Amino acid sequence: MKALTIIILAVAVLAVAGIGYRMLGLTDPDVPALREDHDHTINEFKRGHVEEDEHGAKRILISDVKLAAAGAVLAEAGEVTLSDTLSFNGVLRANQETVVQVTPRFPGIVRSIRKRIGDTVAGNDLLASIESNQSLTVYDLKAPISGTVIDRQISLGEYASEQKPAFVVADLSTIWADLSIYRQDLKRVRSGDEVLIDPDDGGADIKGHISYVAPIGSIDTQTAIARIVLTNTDGRLRPGLFVTARLVLTKRSVPVAVRAGAIQTLDNKTVVFVREDKDKIEARPVEVGESDARFVEIRAGMAAGEPYVAENSFVVKAEMGKGEGEHGH
Amino acid sequence: MVIDAVLAFSIRQRWLMMLFVLGIGVLGAWNFTRLPIDAVPDITNVQVQINTRAPGYSPLETEQRITFPVETAMGGLPKLDYTRSSSRYGLSQVTVVFLDGTDIYFARQLVNERIQRVRDQLPPGVEVAMGPVSTGLGEIFMYTVEARTGARTAGGGEFTPSDLRTIQDWIIKPQLRNVPGVIEVNTIGGYERQFHVLPDPGRLMAYNFGFRDVMTALAANNANVGAGYIERNGEQYLVRAPGQVANIAEIQEIVIGSRGGIPVRIRDVASVKEGRDLRTGAATMDGKETVLGTAMLLIGENSRAVARQVAAKLDEIVRSLPEGVITRTVYDRTVLVDATIRTVQKNLIEGALLVIAVLFLILGNIRAAIVTACVIPLSMLFTITGMVETKVSANLMSLGAIDFGIIVDGAVIIVENCLRLLAEEQRRKGRILALNERLQTILDGSSEVIKPSLFGTMIIAVVYLPVLTLTGIEGKMFTPMALTVLMALLGAAIFSVTFVPAAVAIVVTGKVSEKENIFMRGAKQVYLPLLDGAIRYRHMVVAVAVVIVLASGVAATRMGGEFIPSLDEGDIAIAAIRIPGTSLTQSLDLQMALERRIKQLPEVKDFFARTGTAEVATDAMPPSISDGYVMLKPRQEWPDPSKPKSDLVEEIEVAANEIPGSSFEISQPIQLRVNELISGVRSDLGIKIFGDDMDILLGAAEQVRDVIRGIAGASDVKAEQVSGLPILTVKLDRQALSRYGLSIADVQNVVEIAIGGKSAGKLFEGDRRFDIVVRLPESLRGRLESIRAISIPLPSAGIAAAEATKVAWATPPVQMRYVPLSSVAAVDVAPGPNQISRENGKRRIVVTANVRERDLGSFVADAQHAVAEKVRLPPGYWIGWGGQFEQLVSATQRLTIVVPVALVLVLLLLFMSFGSVADALLVFSGVPLALTGGVLALLLRGLPLSISAGVGFIALSGVAVLNGMVIVAFIERLRREGKSVWDAVHQGASTRLRPVLMTALVASLGFVPMAIATGAGAEVQRPLATVVIGGIVSSTILTLLVLPALYILFRKDSDPEHYRF
């Protein structure tokens, strides 16, 4: 009898212990709720759909519908004419070839002045009369060219020296715009390139051409000057003011180019997502060449006519990388 | 004895007793109004978040300059558990976790002291703030601020996101913050209004000014000064000298300096306009951008009450908003809490009604039934008082385990016995009893069974004790449950010695019929032949019982398990995770596409999301992650109202995966938030590698990952994604700088202002204040090429050069004195750390793994061995092991000690009650018998073995023992009276059929509503109720049949003399 008691007791304790232990969910290996089963199955699926070939190029299955849902747009690679611009700051200067400093030939006292700063003068117009100290005769100071009086250093009764220009007459119908070109841009700037000058006065840009690129640079700023000669018949351009200029680089046609939005970096490689047959997209490593604001030349890696993800291509990159990210808190 | 004295007193002073009971009831009712009610238990640990905003800082700088000093300062705080931190772009978050039970205000005080100490070491301009005093359940109310279509601002334009944000920040938020119980109103979405001063570098240089001059001018021309007062003819005149700018025009007029006697104003060198901040987060709803406000609950407040007040306040505020602007409540905790309360209420009321019905059916006395049923609300009110006192909040878990059937068991036994004795007495005397006779009978009846009744209650209480020893998350979930049950049991026990006899004495007056009603007669007719059969074939019966127990034990080990139950919150949260480095704009595009897709599902009401970090960084997310909330329509509006939620979740998942570019984690709003706060390693195993160098850590993590992947049973092995954030580095060339005479700071300053912008004071509009930010125009900072071309002004080359610039026509040609950024620095883009995590003051990286088809313990042992063998770490690097397995191990260890101890305690109680080991063991045999029914019921319903079910088993053990006690005690008494074992067993079993059936039916029927409930919270209660019902059914049948058989088998020769009753 005692033995039976013990057996029953043992059975009872075993059952209790068994259930108690199970309540902790430990003995059974496939206890699903111990982990986020659900999430991980999904993640596995996600990771599973990125495959890698022997060259290390990643492929992914993604349908056009899915791409469209995320706003990604496909386009075909093809020939494109690149036209890029560079921006420079510059300063307007009077055309130094038409600036004349009128200096009295003999020192003397200024007896009369005919022109003020800003007056327009024609060639040979009387600017001032000076009584020479040597001969005590009055001689005329005449405008050597037609133009505008932009500076006057003498006043009536003053002593005018032959050391110092009394007037500066400039012909402002043409103006120089001197652009400072950085070292690294110098190779892209050629004489004759088209430039759009914005005088920042609210008006339209002024078109011009580079007439001169300085053969010497400036010690201070490590730049060289590119000069545009602008006509200034309406007096809109005033020497001394700063301007900005956009240089239109020579247009160049390239055989294979993609839109700028197509370029992505994946695993430290520059890639374009190229649509292959069916739903496959390959992250194709490419070598890029020149570019402008809209297009990028592809030197190697793609052929003309290949479809690629042109806009919102980040979505494809994100799709390839997803599953690696975590809810990192 | 004390109990007898109490019983006698209660019966004698029965009216006084009623008054006492009424008092307890009123106290309970009053406490009910103070009881914090929540949907789910709060499992957040005691933590203080220190958020430091460092605009523009990259993760590396954030860590070095801010996180490290702050974190180091927190070392050695009293009651500190651990610290962890994460450093991201522009934000350092240090979380200081204290030991459970630490007072949060004490903890914050400590943290604050340390912050003060370290503040000097932080770079100027960073703001250190502690996170709100809230918990994972804190986000109780969310609303969006929207403009009706076609609504116009006062100026006639459409409402911009900045306008809506301004309304939220300066009209709604200040008012909502004043609602009692709201600790914080967090805002995300829209743009903060700013005033942007956008200098044209060319013009600045033309005037020979630098950015610094602009900043200084702005700072020096935007302040009000108070100048005391003067007295004049007995009056006092206050003097003030206002100088603040009030609008854009005034900013434009600020003078920077003069050139040639001409003042140079801001407008001469810069354009000034209203702009947007560089935001770190945004909110979207149903495919559009929106402004989202979140009211956060102060710790310990009543979420329902506060959410209601917030809603009421918001209604009030809306009336004062500009015409056309509305707020929309998108998430209101009240809904969930109300649903929860409804579930609990419904279950309790239905349970109570069933209990009354059963009592009436069996006792045949409606008055006695009502007296017994009164114990239910009374002990409930008692429990509520106890909950308020012990600060246990009412929620699905804490109220879920209360089975009033079990709780009234003690009272049932007393009432039944009193009725039986009263009826016998009446029959014996042949008349209705006089008052004193009746009182005496009731006293006899009560004291006869009070001991087994109290012992039974005690046993049920004892089996709940192991639950109290749980710690951590399990502890926070289940301890309140055990506490409330214990309190309810205590209340029931108190009422059964005081209220029950007193009420019986008052209420049961007239004739008490002893005649059994149809139900009991029928039951007896079925039972007696069965009992005879069981006794006759006792060996077989016992053998069958043993087989059943063994079989169910085996079945139990094959069942699926679930560690912590998840509570259905009714709504769904979708975290969309994109690769690190995804820009906010891109994230928003993807998120809005997702929202539009999900919104097409007919069950979805709204879908709103937060992307990135909100104003108060309670959740420091990078812009690549969105936390989305899918609000569902009420079920009756679904095309198929009976569709299981899991199906819907699946549909949502499929729909979400149609949008490429994100991976998704689906959970629920509260769950999501709590996980963010606890933020432990959520997989089975987390291997933390600590060290200094990110690259070495990353390499080590990859090694560990590969080693773990090679171990059998490993799945989902992942190394933490810490890199991959594209970082544009401006590498300054010191030699080039020195040639130009520039200092590093000159260039950094320009880069900082140019790209990020720099605040140069505030503009006040009444209370509202907006930053004035100096930044380069968008055209000069947007693209990589433009950044390379940012002009760095050179220091002036002296007076000669300066004069030369004045003479426009002079030779040599004038050149501007600046260099492009690219000539003094290399601008490179390379992936850098996305986030730097630290724990206890050291950088760490985590490799996580789950374990499948293998037992966790041995897997961890294997993994530790393999890692120790194969992974070589440089000095200064070490590995820590953590994850869910820690909790599992600790819980297992605890329970493997405590559960047997509790069972031994039960045995001890039984032994105390019977004074015989054999009797105690016999009664104890009811436990495994009961468990079989529980297992069977779970199997039949296809439910997994969860902790909820486990708690059910615990309750069951108590009830089973109680049943056995009732029968064995009676049999022993009969034997003491001289009956033979056979007769005693037969008579005892048949006489005690009524109380056994009654307690069993009451306890199981009381749980029926819970077992079949489908409302909020049902998933927690269902397994528990199922186990109890199944177990009680089996234990009753087995007690009634197997126990007599066992008794006859084992007690033939024993002598019942030492029976102590």
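A residue is called buried if 20 or more other C-beta atoms, placed from the backbone, lie within 10 Å of its own, exposed if 12 or fewer do, and partly exposed in between. By that definition helix H12 of chain B is mostly covered, with 19 of its 25 residues buried. The model is predicted, so local features need a pLDDT of at least 70 and side-chain atom pairs count only at pLDDT 80 or more, while totals for chains, interfaces and linings use all residues. Residues are numbered from 1 along each chain as its sequence is written, and chains are lettered from A and ligands numbered from 1 in the order in which they are written.

**Confidence in chain A**
- The pLDDT, which is the predictor's confidence in each residue from 0 to 100, averages 78 over chain A, where 80% of the residues score at least 70.
- Within chain A, helix H2 (residues 37-48) has the lowest confidence, at a mean of 38, and strand S7 (residues 108-113) the highest, at 91.
- For residues 1-9 of chain A the pLDDT is below 50, and this stretch has six contacts beyond near neighbours in sequence, a contact being two residues whose C-beta atoms, placed from the backbone, lie within 7 Å.

**Domains of chain A**
- The assignment, which is automatic or taken from a database, gives domain 1 (46-83 + 252-321) and domain 2 (98-170) in chain A.
- Taken over C-alpha atoms, the centres of domain 1 and domain 2 of chain A are separated by 70 Å.

**A sheet in chain A**
- Four strands form an open sheet in the order S6-S13-S11-S8 of chain A, with antiparallel pairing; strands are DSSP runs of E with at least two residues, and helices are runs of H or I with at least four, numbered from the N terminus.
- Strand S6 (99-102) and strand S8 (120-121) of chain A stand at the edges, and because each has a single partner strand, one side of each lacks a neighbour in the sheet.
- S6(A) pairs with strand S13 (residues 167-170) of chain A over four bridges in the antiparallel sense, where pairing requires that DSSP finds at least two bridges between the strands.
- Gln101(A) stands opposite Val168(A) in S13(A).

**Two places in chain B**
- Helix H12 (residues 366-390) of chain B reaches 36 Å from its first C-alpha to its last, close to the 36 Å expected at 1.5 Å a residue, and Lys391(B), with a positive phi near 60 degrees, follows H12(B).
- Ser92(B), in strand S3 (residues 91-98) of chain B, counts as buried because 31 C-beta neighbours lie inside 10 Å.

Methods
The expected span of a helix is 1.5 Å times one less than its number of residues.
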